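Okay, thanks for having me. I'll walk you through the inside of this one, so let's get the model up on the screen.

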Amino acid sequence: MKIISSSSNPEIKKIKLLIKKSRERKRLKLFVIEGKREIIRAYKSGYNLVSIFFRENFNENFEEIKNTTFFEVKKSLFDKISIRSGSEKMIAIAKSKELMLDELKLTKKDKVLVIESPEKPGNIGAILRTAAAAEINAVIISNIKTDIYHPNIIRSSLGGIFLLQIAVDTSNRTINFLKKNKICIISTSLNEEARNYNEIIYKTPFALIFGSEDKGLNPIWFKSSDQVAKIPTNETIDSLNLSVSAGILIYHSLNH
């Protein structure tokens, strides 16, 4: 195993670049994963791990992972590049996937989650974590405002991003995809015309659609919706956190 002790090492520079620059992640088609749990989940989900970096004196045997280069990084240096300030002992560089709509494998009993125009990586990660925990069959992110392989998305999802079928596309193509697959579209809104979420009828396959906290859903969704749901709030609070709203309806839908 190669030992890295200098911050000027090309591999260390690459990690720093991939953590900070979305443009470089997209150009190189590479991204960073931190944490043993997350790395193992990515590997088992078919992600190609290009290289794995261990914190000095952290002994782990990963002989089952093939075609991967392993490095040992000096403690002080590892802690400097660690997103989690050294609380984890492993960092990996992995090849990204295209995450295309047409690659989703759905059945007539599936439950799909759609998030339109999300901006905050932490929010996206939290939603993916909930979706994975609830065994949602697929997540589609339309008009995403950030990079799906942002380190904070991976961290906040606890690696849930690797346990889900995920696609990234436009809202128009997402709507066409759902219609083509005869998936019931349940949009969310605070409009007066929307029904209380307790009154929604869930018949699989269905998709729960959520918009951004500040702007809500694009109006094109309501033209294509089979039902529109709302979560009542006190009039002094105009909206709930996106990940909270998604969590409420995801688990409500599982029990109906």
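This is a predicted model: local features need pLDDT of at least 70, side-chain atom pairs count only at pLDDT 80 or more; totals for chains, interfaces and linings use all residues.

Let me start with a quick one: does Ser117 count as buried or exposed? Ser117 counts as buried, because its relative accessibility is 16%, and buried here means under 20% relative accessible area, exposed over 50%, partly exposed in between, with a 1.4 Å probe and protein chains only. You'll find Ser117 in the loop between β6 (111-116) and α5; helices (H or I, at least four residues) and strands (E, at least two) are DSSP runs, numbered from the N terminus. Leaving out residues up to four places away in sequence, Ser117 touches Ser142, Asn143, Lys145 and Ser212, where contact means heavy atoms within 4.5 Å.

Residues are numbered from 1 along each chain as its sequence is written, and side-chain values use heavy atoms, with hydrogens and water left out.

Nonpolar side chains tend to be buried together in soluble globular proteins. Here the largest nonpolar core has 49 residues, a core being a set of buried Ala, Val, Leu, Ile, Met, Phe, Trp, Tyr and Cys residues joined through side-chain atoms within 4.5 Å. Ile33, Ile52, Leu113, Val139 and Leu208 have the most contacts inside it, and α5 gives the largest share of this core, five residues. Take Leu113: not counting residues up to four places away in sequence, the partners it touches include Ile127, Val139, Leu208 and Phe210.

Now for the holes. How many cavities of 30 Å³ or more does the count come to? Two. A cavity, on a 1 Å grid over the protein atoms alone, is a set of points where a 1.4 Å probe fits but cannot get out, and lining residues have an atom within 4 Å of a point. Grid points are joined across faces, edges and corners, and a volume is the space filled by probe spheres set on the points.

The largest cavity has a volume of about 50 Å³, and its lining is Val32, Ile33, Glu34, Ile83, Arg84, Pro151, Ile154 and Arg155. β2 (30-34) and α6 (151-156) are the elements that give two or more residues to that lining. By class, that's five nonpolar, no polar and three charged residues, counting Ala, Val, Leu, Ile, Met, Phe, Trp, Tyr, Cys and Pro as nonpolar, Asp, Glu, Lys and Arg as charged, and the others, Gly among them, as polar.

The second largest cavity holds about 30 Å³ of space. Its lining is seven nonpolar, no polar and no charged residues, including Ile115, Pro118 and Val139. The largest share, three residues, comes from α5.

Last bit, the backbone. Most residues other than glycine have a negative phi, and most peptide bonds are trans. Well, the bond from Thr204 to Pro205 is cis, with omega near -5°, and Pro205 sits in the loop between β10 (195-196) and β11 (206-210). Asn57 isn't a glycine but has a positive phi of about 70°, and Asn67, also not a glycine, has a positive phi of about 55°. Asn57 counts as exposed at 52% relative accessibility, and Asn67 is exposed at 76%.

Notes: On a 1 Å grid over the protein atoms alone, a cavity is a set of points where a 1.4 Å probe fits but cannot get out, and a pocket is an open set with protein on both sides within 12 Å along at least five of seven lines; lining residues have an atom within 4 Å of a point.
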